[in-house]
Structure formats: structure tokens, C-alpha cells
Amino acid sequence: MVDPLLDLDDSLDILIEEGRISHIAPRIEKEGAYLLEAQGKVVVPGLIDMHVHLRDFNESQKETIATGTRAAAMGGYTTVVCEPNSNPPLDTLENLQQWIKLAQRDGYVNLHTKVCISQGRHGEKLTHLKALVRRPWVVAATDDGNPVVNDNVMARAFAKARDYDVLLTPHCEESPATIQAFRANPLKVWEMLREMEGLVDGADPNPAHTGLARLEELGVLKGIVTWRWTRRINRKSRMSAVPMVAES
Ligand SMILES: [Zn+2]
């Protein structure tokens, strides 16, 4: 049994009574108890997945809140956080309300969601973050697979995040849509390739670099970036004392 919070890593017995863990000890004897042999298995507290795509709405053929959260439970995940890149996206109160209705009806584990930073996840106009993040279930804002490429839009999102105490989890990797935009402009492609080459040489990845600079400028409280160059970001984040973590 492993529990980092309890500093536990041991072979133990667990007694479950009326659906709840009532006792954990090296050896438990309980008359009439049904014995589940878990030798060779690892028992951990319920896992949390901060980034899941539950689809539903117009893409229910791929996944629904019901099937996704049941699969989560099967895999040991007791809390999941849904990304807002559904179709339609979670960028308005109306869509969010619809999602909450489904979540209340079909959610099988502890369920939360993120809302969009920009309308339609196009990175142009911000959503009404203030209203969206005050709704129950909402824990963060992101455009998921679409990075917000416009510096000014992202800067305003960071400022709002600070004002409303919102966790932002921007996706800093180029999406197919942004790469497509670059393709329309050969000069941009060249710049992008140079940028990628620069990565190998140790230059900072552009969107994340911009994000960090903005965080420093605005004194934003929290931020999580999803980025392949995790170690680089973490190193820079430590250096600049920006409260940020990165995951790949
Ligand atoms: Zn995603």
C-alpha cells in the first residue's frame, strides 16, 4: 500500500466496513469478512487526472461523461478534470450549464471542468471568465489544444486570472491550427523552423517563454503549462520564482 501523504509504503491489510475504510494495519482478523487477496497489487488513494477529454455533446460517439468517468473509476481515478475543448466548447454560460446538467446526471467519479480562455478557443476574444469560473465544478481555464498565440490576449487572460484568482492551464505547444496559420505565411514557417532549431541549441520555446515573461510582469499567482520541454520550464520557473509548474 502506497500513500505519499501518510508517508506509507508497506504491505498492509485494509478493512472495509459499509463501503468505507475502517482500519489499516499489518494484520487484521475479522470474522465473516469477505477476503480479497491483493498480493502483488498496489493500493493507492484515488488518483486524480487533471486533463481528460470527455467529449460528449456532438462527439458522444467518441466518449461521453458517462463512459469516460466509468472508465476513470475502473482505472482507479476518483477525480477527473475535463478539458473545455468539447463541441461546442465550454466558452459560454449556456454551454457550461448544459455540461453541468450532464455531469450531474452521468458523472461517476468526482468531476470538475475547465472553461475556455477565449471564445471558440480561437485565441482572439476572451470569454466572460469572471462569470464562468464562479460556477460550481469549474476549477481552471484553458483553450486546451489551442495555445493563445496573441500576446496581448494572453496578457489580458493572465490579468483576469490574477484578479479573479483563477488557475490557468494554457497549452503552450503549437496546435495543428496554429501550424496551419504559419503555413499560410512562408516567412513565419521559416521563423518557426528557426525557433525549433533554437530549441535544440538551448533557446526557450516561444509560447512558454512569452507566458513566463507575462507571469513575471503581472505577478500572477498560479500557472501550469503543458509543454514538452518540461525540465527547461521548471528550471526557468525556479530561477525566476514564478509560481508555476510544468507537465509534459
Ligand atoms: Zn488536451
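Author: Residues are numbered from 1 along each chain as its sequence is written. In this predicted model, local features need pLDDT of at least 70 and side-chain atom pairs count only at pLDDT 80 or more, while totals for chains, interfaces and linings use all residues.

Reader: What makes residues 151-164 a helix, α4?

Author: Helices are DSSP runs of H or I with at least four residues, strands runs of E with at least two, numbered from the N terminus. Helix α4 has 14 residues. The expected span is 1.5 Å times one less than the number of residues; α4 reaches 20 Å from its first C-alpha to its last, close to the 20 Å expected.

Reader: Which residues of α4 are called buried, and why do they lie on the same side?

Author: A residue is buried if 20 or more other C-beta atoms lie within 10 Å of its own, exposed if 12 or fewer, and partly exposed in between, with C-beta atoms placed from the backbone. M154, A157, F158, K160 and A161 of α4 are buried. Their directions from the helix axis to the C-beta atoms cover an arc of only 165 degrees, which puts them on the same side of α4. The face turned away from the buried side carries the exposed residues N152 and D163.

Reader: What makes the largest core a nonpolar core?

Author: Such a core is a set of buried Ala, Val, Leu, Ile, Met, Phe, Trp, Tyr and Cys residues joined through C-beta atoms within 7 Å. The largest has 28 residues, and A157 is among those touching the most other members. The largest share of this core, 4 residues, comes from α4.
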